[in-house]
Structure formats: C-alpha cells, structure tokens
Amino acid sequence: SMHSTSANQERLVPQSTGLYQVTAQTLFSVPTAALDRAFGFRDSSGSNIGLVSVKSTSSDRLQATGFKRFDVVGGYVTCVFISDGASTQSASTGVATTWFSMVKL
C-alpha cells in the first residue's frame, strides 16, 4: 500500500505518521567522460534527503539512506537520480541492482 503501480509510480507514500528510514541503491552506466552524479531522495516538500554524490568515469553502484518524519498523512518520498547533463546516462533497472524501500522505525 506504500507504492501504487497505476498512479504516481515513482512515489513511496507512508500509511501513518512517524519516523521512516528510506534506502535505495542503483547502478549507473559507464559514461564516456567524467561525470558528477548524485543519488538520493526528495520529499513532497521538495527537500533533498540522504543525497550522495560521486565523480567518475566508470560504472558506479551507489547506495543512499535517509530519514524522514511524517507528521501528517499524505506526504511522499521519491528517488532522485542526478547527472551533470550527459544525455546517455542511465541507471540499471535490474531487480538485484536497483531498488528503493521505506521502513517505519
């Protein structure tokens, strides 16, 4: 019930108020030049949570963790992938490689 497969598929939505741990992992593709990459979370207010970044010329497996307190029901968290503008940048969709989870603490 935290994730809808029909509407707003990119969001995890808590079903009650409280403190949540958000964790995700991704594998970025091999770039042709050194890229600045960032990976993490954005909440429904637009704030970044648990953002990690790296600059490299190889495939990168990044994992991010963040914490968010929801004081009212209706907020959400999305996973954010940021690259320095390379049009060929991609993230793996493999189940064992890229995932996104949220757990109430």
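Two strands are taken to pair when DSSP finds at least two bridges between them.

**View 1**
From the N terminus on, the elements of the predicted chain follow the order β-β-β-β-β-β-β. The chain has 105 residues, and 31% of them count as buried. Its accessible surface is about 5,900 Å², with 52% belonging to carbon and sulfur atoms. Among contacts with a separation of 6 or more, 68% are between residues 24 or more positions apart.

**View 2. The open sheet β1-β6-β3-β4.**
Four strands make up this sheet, and their pairing is antiparallel. Strands of a sheet pair through backbone hydrogen bonds. β1 (11-12) and β4 (48-56) are at the edges; each has a single partner strand, so one side of each lacks a neighbour in the sheet.

**View 3. The pairing of β3 with β6 and with β4.**
Seven bridges join β3 and β6 in the antiparallel sense, and Asp 43 lies opposite Val 77 of β6. β3 and β4 are also antiparallel, over seven bridges. Here Asp 36 faces Lys 55 of β4 as its opposite residue. The hairpin of β3 and β4 has four residues between the strands, and Gly 46 in this hairpin takes a positive phi near 95 degrees.

**View 4. Val 54 in strand β4.**
Val 54 has 26% relative accessibility and therefore counts as partly exposed, given that buried means under 20% and exposed over 50%. The C-alpha atoms of Val 54 and Ala 38 are 6.5 Å apart, while the two residues are 16 apart in sequence.

**View 5. The largest nonpolar core, with 13 residues.**
Val 22, Phe 39, Phe 41, Phe 70, Val 77 and Met 102 are the members that touch the most others. Two or more residues of the core come from each of β2 (18-28), β3 (35-43) and β5 (60-70). β2 gives the largest share, four residues.

**View 6. The surroundings of Val 77, a member of this core.**
Leaving out residues up to four places away in sequence, Val 77 touches Val 22, Phe 41, Phe 70 and Met 102, among others. The list also includes Leu 12 and Phe 100, as well as Glu 10, Arg 11, Arg 42 and Asp 43.

**View 7. Thr 78, in strand β6 (residues 77-83).**
Thr 78 has a relative accessible area of 14% and so is buried. Apart from neighbours within four places in sequence, Thr 78 is in contact with Glu 10, Arg 11, Gly 40, Phe 41, Arg 42 and Phe 100.

**View 8. Thr 26, in strand β2.**
Thr 26 counts as buried because its relative accessibility is 0%. The side chain of Thr 26 makes a polar contact of 3.2 Å with the side chain of Thr 98.

Methods:
Residues numbered from 1 in each chain as written. Predicted model: local features only at pLDDT ≥ 70, side-chain atom pairs only at ≥ 80, totals over all residues. Heavy atoms only, no water. Buried < 20%, exposed > 50% of the residue type's maximum accessible area, 1.4 Å probe, protein only. Contact = heavy atoms within 4.5 Å. Areas by Shrake-Rupley, 256 points an atom, 1.4 Å probe, with all protein chains shown as cover. Core = buried A, V, L, I, M, F, W, Y, C linked by side-chain atoms within 4.5 Å. Polar contact = N/O pair within 3.5 Å; in protein donor to acceptor, adjacent residues only side chain to side chain.
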